[in-house]
Amino acid sequence: MNRELAALLADVSQPQRRASGVALWCAAAAAMAGISLLGLAGWFITAAALAGAAGIAAIQAFNYLIPSAAIRLLAIVRTVTRYGERLYGHKAALFALAALRTRLFGCLINAPSPEYTRSAGEAGALLLQDVDALEDRFVRAPAYFAGMVGAATALGLAMPAGPRAFLALFVIMAAGVLAARSFARRVLPRRALDIQEQIARLKQDFVEYTAASPEIAAYGFGPSIEALLARQAARLDDARVGFARNEALLGAGVTALGGLAIATMIALSRASLPLTLLAALAAAGALEALGATIRSLGRDAVVAAGLERLAQLAAIPGPTAAPVPLIGESIALGDDPRSVMLAKGDRLAITGRSGAGKTSLLECLAGWRTTCGHSLLIDQRPLAECPPEARRRLFALSPQDGGMIAGTIADNLRLARPGLEDEALWHALGIACLADDVRVMPERLLTWIGDGGARLSGGQRKRLSLARALLAGLPWLLLDEPSEGLDPATEAVLCANLDSWLRETGTGLVLVTHRSAMLPLAHRLLELPD
Amino acid sequence: MLGEQVADAIDRIEDIDGYHARFLPLRFAAVATPLLIAASAALASWIAAAILLATLIPFALGMALAGTVASRAAARQLDVLARLSGLFIDRIRALPVILGFGAQDRVTRQLAEATQEVARRTVVVLRIAFLSGAIIEFFAALSVAMVAVYCGFNLLGLLPFPVPETLDLSRALFVLILAPEFYLPMRRLAAAYHDKQVGEAALERLAALTPAPVVATSPVHMLAAPPAIRFESVVIDYGERRVGPISMHIAAGCVTALSGTTGTGKSSLLHALLGLAPVVAGDILLDGRPLSPEALRGEVSWAGQATALVPGSLADNIRLARPHASDAEVEDVARRAGLTEVVQTRGAGLATLIDPRGSGLSGGERRRVGIARALLRDAPLWLLDEPTADLDEGSAMELARHIVEAGRGRTVLLVTHSAAIAALADHRVVLS
């Protein structure tokens with residue numbers, strides 16, 4: 001874990017201090033109650049046995065009411081505090097992680113280049129998994145404190161057994177915990193990382209061979225590839241078994257320590273039999289509580305191995321100084337000698353073979369990517385001097401694939417600009433020839449359009465995206481194949497609507513299309529070479 | 001698509017790790033251990049054992065009650081959580097759009113609200129869900145307390161009812177020390193609920209996957225001579241993308257170049273011939289007879305967009321296409337595929353070891369390995385999917401000439417974007 005992630009975690013945990021505190025004290029109380037319950041029960045039984053053996057007078061003198069009531073009280077206290085520990089521990093974890101997710105999303109936004117954002121977007125699902133894994137870590141946090149409090153309780157109860165027994169218990173617990181920790185630190189993280197690495201390799205192999213599946217099928221060498229994958233999977237299994245073996249060793253050590261503690265207490269105690277048993281059983285209880293924290297060292301190692309990606313993300317620096325704004329008075333694009341100079345309000349159509357880089361040119365202008373293969377000048381400044389953030393305030397892009405978010409029609413349109421009224425949305429939908437479609441949808445503007453707009457047709461997505469670009473109200477409109485998937489009649493209406501909208505608003509246009517019907521919209525033409 | 005497959009093949013398997021390694025053994029222990037403990041306790045005091053067992057009855061009732069409520073609530077909650085992760089993934093995917101419109105602050109705020117809301121609702125659900133845990137805790141503590149009180153009063157001889165056993169200290173202590181172990185495995189099982197949830201979800205997902213078709217190893221070689229292929233209104237439907245209908249004829253023994261803009265289904269058609277694309281309508285005819293989906297596997301020469309490399313030497317990798325080819329044959333095709341230079345620059349020649357994890361070969365060199373395989377296999381039917389992509393224009397042209405030359409007399413279906421390469425073919429088909 002790097003410093004940034006640690007700081008981020010501390011930051012999101014801060015508001016949850018109260019819930020964490022309650023969880024902590026509940027856990028401590030539960031450990032105390034559990035250990036006292038066992039110790040007191042041992043004392044009670046032994047004292048009762050001695051009194052029983054000593055005859056009727058001793059029995060009558062034996063006060064059984066207080067201990068038996070205390071035993072029941074401790075049983076209830078342990079139950080309630082355990083419930084409290086779990087509930088408040090989870091509460092703190094859930095709210096802290098909710099904040100963490102949002103903060104990490106913020107880190108993604110600040111990513112230095114749009115390309116980074118893009119590749120990070122693919123890792124989005126992974127990111128969520130990593131954050132989920134952290135929940136475990138948060139929830140287990142009180143167990144450490146509880147283990148310590150339990151140890152202290154047991155030491156307190158061991159005092160009557162004499163200084164030697166007390167010291168012996170202290171040494172057993174301290175040495176046990178330290179030894180387990182050093183063993184775990186030395187052995188587990190390496191193996192947890194090994195597991196992660198083997199998984200990554202298996203994935204890489206899988207991706208590689210899946211991509212080449214036609215070739216594998218064509219020559220029929222599937223079985224040898226399967227054998228290769230099986231070998232890598234076996235390596236992963238080996239790594240897992242190696243980890244599990246050490247984890248189990250740790251658990252076995254803790255259990256053995258419990259037995260050792262009981263035996264030592266009985267052997268060294270100088271107190272009466274009941275107090276000896278009180279001390280012995282309390283010691284056993286304390287080692288059980290410490291054991292839980294030691295066993296979780298394995299889980300910690302696994303979680304830590306998964307934090308690497310989050311650490312990378314957290315290390316993305318925040319936004320630097322605000323970029324120098326661009327005016328967008330002039331744009332020069334295309335390579336010499338076929339370059340085009342556009343002034344405010346000009347309209348250009350770009351054509352060219354597929355693969356010539358038309359889409360990346362638009363995405364580059366719009367600040368969705370840092371650079372593209374073509375030379376660009378904005379306000380006579382080369383692209384390198386026009387940061388993507390500044391470009392985003394000049395150009396509104398309607399991308400080729402629509403670029404919808406999962407949400408309603410209105411959600412998607414309102415991405416364009418804050419404070420848009422329904423009326424404005426309908427107006428834009430009208431220009432984009434989509435208003436009629438939306439009007440017959442079950443919930444009109446509030447119709448859910450599915451993941452990536454999957455419930456709309458390709459043409460509808462295109463027009464919705466166009467309406468959104470219109471709503472952004474920026475000086476330049478960038479359209480990538482806007483009439484794709486439209487019938488000629490609608491295409492003609494769209495063309496006319498756009499023409500008058502551009503004229504009224506004085507907005508400039510850069511249009512990428514391979515349909516001749518849209519070409520009249522532009523005044524100039526640039527054909528990109530291959 | 002690929003991401004999903006990888007997740008199913010690897011992550012979902014990882015998910016069932018905890019289910020098998022922790023949850024299942026604990027579930028067995030949760031049933032077996034209490035019975036064992038009760039049996040052992042019965043040796044010292046059968047009444048104490050009976051007390052332990054008796055607490056199981058209200059415990060089971062409580063668990064059944066809390067369990068049903070909790071599992072219903074938890075199932076609802078899982079849906080909510082799944083939707084939230086969906087929302088995050090969606091917004092991360094749509095980041096370019098969000099940034100493009102400068103909507104990041106609004107979207108972040110919206111996400112913050114949504115996550116806080118989900119956290120709030122989850123806590124409400126947990127209040128109920130943890131009740132079952134509390135019930136286990138309560139009975140675990142109660143069983144210890146009851147055994148302790150019973151033993152103490154038995155030892156004192158103060159029990160308000162007659163019992164047929166008199167305990168001594170060692171027997172009383174024996175049952176007392178056993179008592180906490182009675183509920184311990186159930187407490188551990190309750191703590192493994194996350195392993196159970198994740199594992200069951202993964203198992204459900206894995207069970208829903210369509211089983212891999214059993215590949216029939218057909219000893220009969222389908223292709224004795226270069227075939228003619230006819231596509232009749234073939235439609236390929238991947239769910240999110242649909243290709244076709246496409247009709248075309250590929251003449252036997254000729255080189256046919258197939259071109260068309262991106263997305264018109266050129267690669268999909270080649271995949272369909274190998275039974276790797278979901279053909280939902282139309283027919284593919286091989287020499288006039290319908291082609292069964294896997295009939296051509298192992299029967300063709302192929303060079304495509306990705307080349308599968310295995311650990312081993314360069315020669316081993318080429319030889320995958322025809323395992324019994326001689327060294328001289330392998331050397332010959334390597335030369336014709338333009339691998340000579342690669343061979344010369346890496347000291348060991350064709351014996352150069354290849355690390356399939358990327359390092360060693362460039363994209364163009366990988367293509368050449370694929371072409372060498374196609375040449376070595378020399379099947380009656382060649383399917384070549386942009387075999388010369390990743391190469392500069394000059395070498396692409398040269399290699400294409402070699403391919404066309406070597407493919408004379410075979411049925412060659414060559415997908416290419418380059419007009420110059422298409423011009424080398426006997427026939428040209430343009431998809432639109």
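Q: Why does the span of helix H5 (residues 169–191) of chain B agree with its 23 residues?
A: The expected span of a helix is 1.5 Å times one less than its number of residues. For the 23 residues of helix H5 of chain B this should come to 33 Å, and the end C-alpha atoms are 34 Å apart, which agrees. Helices (H or I, at least four residues) and strands (E, at least two) are DSSP runs, numbered from the N terminus.

This is a predicted model, in which local features need pLDDT of at least 70, side-chain atom pairs count only at pLDDT 80 or more, and totals for chains, interfaces and linings use all residues. Residues are numbered from 1 along each chain as its sequence is written, while chains are lettered from A and ligands numbered from 1 in the order in which they are written.

Q: Where does H5(B) bend, and what follows within four residues?
A: The bend at a residue is the angle between axes fitted to the seven residues ending there and the seven starting there. At Leu184(B) this angle is about 30 degrees, and a proline, Pro185(B), follows within four residues.

Q: Why is chain A called more spread out than a compact globule?
A: The radius of gyration is taken over C-alpha atoms, and the globule rule is 2.2 Å times the number of residues to the power 0.38. For 530 residues the rule gives 24 Å, but chain A has 35 Å, so chain A is more spread out than a compact globule. Its C-alpha trace spans about 115 × 60 × 45 Å along the principal axes.

Q: How does the radius of gyration of chain B stand against that of a compact globule?
A: Chain B has 34 Å, whereas a compact globule of 432 residues would have a value near 22 Å. The C-alpha trace of chain B spans about 105 × 55 × 45 Å along its principal axes.

Q: What makes a residue count as buried, and how many are buried in chain A?
A: A residue is buried if 20 or more other C-beta atoms lie within 10 Å of its own, exposed if 12 or fewer, and partly exposed in between, with C-beta atoms placed from the backbone. By this count 45% of the 530 residues in chain A are buried, and 42% of the 432 residues of chain B.

Q: How many residues of chain A and chain B are in contact?
A: Two residues are in contact if their C-beta atoms, placed from the backbone, lie within 7 Å. By that test 83 residues of chain A are in contact with 86 residues of chain B. H4(A) gives the most to the side of chain A that touches chain B, with 21 residues.
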